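Biologist: I'm new to this one. Please walk me through it.

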Amino acid sequence: MIKWLWFFAIVCILVSGCGISQKKPDHDRRYTQDSDGHELELKNEQKAASSNLENGPRSDNTPSTTSILESKPASPEPSASPADQPEPTPTSATPVPSPIRKGNARKAMPQPEAAKKPAVPVQQVQGQKQSSGRKLTLSQLVVKYPDTFKLRGSSQEKKVALTFDDGPDTRFTPKVLDALKANQVKATFFLLGAKASAHPDIVKRIVREGHVIGNHTYSHANLPGLTVDKFQKQIESAENVLQSMIGYAPKLIRPPYGAINEEQVKWVADHHYLIVNWNVDSLDWKSLKSEQVLQNIMQQAKPGSIILQHSGGADSQDLSGTVLAISPLVSKLKAAGYTFVTVPELLHVTKSK
Ligand SMILES: [Zn+2]
């Protein structure tokens, strides 16, 4: 009996041995799977490392090994050399108001900017674009294209230029003209083509009274969002309207909100126009009282200043403060030794293209 038990025990051991050999393929498959999985992980690591290597040198100067180990945020664009640093241009960072639209011109106009867009400083918007590493800020454009993009005149002459955007209209432009006439001051009006079409008599009055006219596009478009073709149409449509009324094609262009991109600046340079923004912002488009408009200007004005105000706006905007500030502004600046000139006089350029 015991012999039989030993016999069965030996048979069982032999059978177990066969079982091990049957499981071997499973083990091989697991190994194969592990091996594949491992290869995949290696590939991913290599891909990640490769990606970091590609990004590393572009985003900063740290060694590539560091960029593999760390997930660094993209560093800002290399700072300009001291010679490239623009002078502070506080008002170039401010969006031009959005006053707008009345009468026949209204259909061709976009909604008032103040209602349509948040009051985001242009500089800030440009800064966001800059972080992508491609777009130049307005300040950088001014530095790169000094003969095409102006914010002010010479600081060696105690002269300033008043500029009025977004006209002509029938509510405020005639009152602005009355105030300028009473104070014997010549100014520069950046007009919209669509509004000029609606109010040709006021355009002609502006010229008749000795002021200069510049181009503020046809329908107050936000230019950086336009193709060069559409940008060109905005400029040339306004120019055609204005030229038929005033007898010359304005050389001066003021982009709505002061905003323009590099491709468009190049187009402007190639076509012999001049971009004129400002370095003093009255913020009058906020329907400020005259005392506040006056204070905003007096705090920033200096020799060579180009001062931004408005002679037209949306129905909801009240530019009475602009009108009422003109007389005390002229008195104070004249008393301080300033003379008032048009933008072409300030910049020593012609008013026509
Ligand atoms: Zn404007």
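Modeller: A word on labels before anything else: helices are DSSP runs of H or I with at least four residues, strands are DSSP runs of E with at least two, and both are numbered from the N terminus. Also, this is a predicted model.

Biologist: Fine. How many helices and strands does the chain have?

Modeller: The chain has 13 helices and 9 strands. It is 353 residues long, and 41% of them count as buried. Among contacts with a separation of 6 or more, 77% are between residues 24 or more positions apart.

Biologist: Which residues have the most contacts inside the largest nonpolar core?

Modeller: They are A161, L191, I275, I306, I307 and V343, in a core of 67 residues. Helix α9 gives the most to this core, with 6 residues. As a general point, nonpolar side chains in soluble globular proteins tend to be buried together.

Biologist: Take I275 from that list. What does I275 touch?

Modeller: Leaving out residues up to four places away in sequence, I275 touches T148, F149, K150, I253, P255, I260, V265 and V268. V265 and V268 belong to helix α10, residues 262-270, where they are buried along with Q264.

Biologist: Where do the buried residues of α10 fall, seen down its axis?

Modeller: They fall within an arc of 105 degrees, so they line one face of the helix. They pack against α5, β1, α9, β5 and β6. Just after α10, H272 has a positive phi of about 65 degrees.

Biologist: Which strands pair with β8?

Modeller: β2, residues 159-167, pairs with β8 in the parallel sense over 5 bridges, and there T163 stands opposite L308. β7, residues 280-281, is also parallel to β8, with 2 bridges. L308 is the bridge partner of D281 in that pairing.

Biologist: What do β7 and β8 make with helix α11?

Modeller: Together they make a right-handed β-α-β unit, with α11 covering residues 290-300.

Biologist: And β4? Which of its residues are on which side?

Modeller: V212 and G214 are on one side of β4, I213 and N215 are on the other, and all of them are buried.

Biologist: What is phi at T217 and at L283?

Modeller: T217 has a phi near 75 degrees, and L283 has one near 60 degrees. T217 is in the loop between β4 and α9, whereas L283 is in the loop between β7 and α11.

Biologist: Are those two buried or partly exposed?

Modeller: The cut-off for buried is 20 or more other C-beta atoms within 10 Å. T217 has 25 C-beta neighbours inside 10 Å, so it counts as buried. L283 has 19 other C-beta atoms within 10 Å, so it is partly exposed.

Technical notes:
Residues are numbered from 1 along each chain as its sequence is written. This is a predicted model: local features need pLDDT of at least 70, side-chain atom pairs count only at pLDDT 80 or more; totals for chains, interfaces and linings use all residues. A residue is buried if 20 or more other C-beta atoms lie within 10 Å of its own, exposed if 12 or fewer, and partly exposed in between; C-beta atoms are placed from the backbone. The arc is that of the directions from the helix axis to the C-beta atoms. Two residues are in contact if their C-beta atoms, placed from the backbone, lie within 7 Å. A nonpolar core is a set of buried Ala, Val, Leu, Ile, Met, Phe, Trp, Tyr and Cys residues joined through C-beta atoms within 7 Å. Two strands pair if DSSP finds at least two bridges between them. A crossover is right-handed if, with the strands pointing away from the viewer, the path from the first strand over the helix to the second runs clockwise.
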